[in-house]
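Subject: Structure for you to look through

Dear colleague,

I am handing over the structure below, together with some notes on what was found in it. Please keep it open beside this email while you read.

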Amino acid sequence: MKATLSNIAESCGLSTATVDRVLNNRAGVSAANRQRVMEAAKQLGYLPVADAVTLPSRPAHLEFLLPIGGNAFIADLARHIEDYASRLPLVASCRIHDLKGISASALQAAAEKLSLRANGVGVVTIDHPKTRNILREIAEAGVRLVTMLSDVPGAPRSAYVGIDNRAAGRTAALLMGRLLGERSGQVAMVVGSRSYRGHEEREMGFRSVLGDEFPNLLVSNAVEINDEPEASYNACIRVFQGEPDLLGIYCVGAGRSGIVRALGQAKLRRKPVFICHDLTVDSRRYLVDDLADMVIDQNARLTAEQSVIRLLGSIASSAPYLTRKFIEPRLIFRENIPVQ
């Protein structure tokens with residue numbers, strides 16, 4: 001038999017009115033009493049659970065701040081969020097805000113459009129003092145925050161949903177080194193934006209493993225292209241002209257299409273090993289056509305589902321942070337491309 005408000009009130013020694021205020025996320029209850037109510041509700045099985053995360057007792061209003069633009073992976077992520085949220089009774093509404101770029105001003109403009117009834121916000125943004133302050137203001141308004149794809153540890157977020165980006169960069173270096181074997185020479189990196197903590201962490205991980213385990217490989221170029229395909233195309237053309245014997249390319253963020261276009265036009269003696277991130281319609285084709293050798297995928301569907309679940313869990317929890325749990329990255333080669 002399902003527990004009632006009276007059962008919870010009796011268990012924690014508080015009034016049913018206090019229990020009702022806590023379970024409906026209303027003000028006027030101390031942090032200590034809020035913790036007592038939530039713990040009692042959890043112990044009595046009053047709150048639903050998904051993937052070991054306690055969920056709120058009432059439907060919540062969720063919003064997501066995503067710099068979609070021309071980024072195919074984030075567009076896929078947004079679609080999966082909307083689809084998953086539409087099938088969950090505990091999501092009263094789900095709204096996606098398409099940020100006009102990755103700047104702090106773009107985040108501020110989107111944050112000002114958040115609904116007053118929003119209970120939780122998921123965000124993909126850069127790690128910068130201005131963005132941290134914007135996120136802090138959202139949290140101080142009583143809204144729970146979850147960072148996605150790239151973490152912002154200095155912000156009062158309840159959880160980070162995404163892969164371990166430093167480990168992803170280390171994995172890229174390990175595969176690059178093993179695919180090249182005993183060959184010695186230069187490799188290049190195309191960095192989306194170091195303003196994203198995740199991109200910076202991938203670069204650090206890549207350089208670390210290459211330096212420690214593959215001294216025969218030297219990172220000769222690390223070009224920051226702000227995830228613009230045209231910028232990656234122009235940068236790669238310049239690199240290929242100066243280094244016709246380039247052994248490998250690691251694309252840390254977006255801009256993959258520009259690299260592929262440059263590879264098609266350059267007169268290289270041998271195609272360099274090309275490793276990139278995120279499985280999209282285009283990167284699937286790059287694998288099939290032997291243009292890319294490996295894709296390190298964050299799994300848009302799983303990231304979307306976990307972002308929704310973690311937001312709901314943070315709304316239900318009185319704790320400031322949920323247990324940390326990374327998304328396991330998928331290593332995709334031509335022979336194991338998953339069905340769409």
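In this predicted model, the largest nonpolar core has 56 residues, and those with the most contacts inside it are Leu-62, Leu-66, Met-148, Phe-206, Ile-275 and Val-308. Helix α4, which spans residues 72–86, gives the most to this core, with eight residues. Apart from it lies another core, of 24 residues, which includes Ile-237, Leu-279, Ala-292 and Ile-332.

Five strands form an open sheet in the order β4-β3-β5-β6-β7, and their pairing is parallel. The edge strands are β4 (91–98) and β7, each of which pairs on one side only, and neighbouring strands of this sheet are turned against each other by 20° on average, direction ignored. As an example of the pairing, strand β3 (residues 60–66) and strand β5 (residues 120–123) are joined in the parallel sense over four bridges, and the bridge partner of Glu-63 in β5 is Val-121. Helix α4 lies across β3, β4 and β6, and it runs at about 165° to β4.

Where is Asp-151 found? It sits in the loop between β6 (144–148) and β7 (159–161). Asp-151 counts as buried because its relative accessibility is 7%, and the cut-off for buried is under 20%. The side chain of Asp-151 makes a polar contact of 2.8 Å with the side chain of Thr-147, and a polar contact, also listed at 2.8 Å, with the side chain of Arg-157. Leaving aside its neighbours within four places in sequence, Asp-151 is in contact with Asp-127, Arg-157, Tyr-160 and Arg-197.

Finally, please look at helix α1 (residues 5–12), in which Ile-8, Ala-9 and Cys-12 are buried. These residues are on the same side of α1, because they cover an arc of only 100° around the axis. An α-helix has 3.6 residues a turn, so residues three or four places apart point the same way. Just after α1, Gly-13 takes a positive phi of about 75°.

With best wishes

Terms used
Residues numbered from 1 in each chain as written. Predicted model: local features only at pLDDT ≥ 70, side-chain atom pairs only at ≥ 80, totals over all residues. Heavy atoms only, no water. Helix = DSSP H or I, 4+ residues; strand = E, 2+ residues; numbered from the N terminus. Buried < 20%, exposed > 50% of the residue type's maximum accessible area, 1.4 Å probe, protein only. Polar contact = N/O pair within 3.5 Å; in protein donor to acceptor, adjacent residues only side chain to side chain. Contact = heavy atoms within 4.5 Å. Arc of directions from axis to C-beta. Core = buried A, V, L, I, M, F, W, Y, C linked by side-chain atoms within 4.5 Å. Pairing = 2+ DSSP bridges. Axes fitted to C-alpha atoms, helices over the stretch in contact; angles between N-to-C directions.
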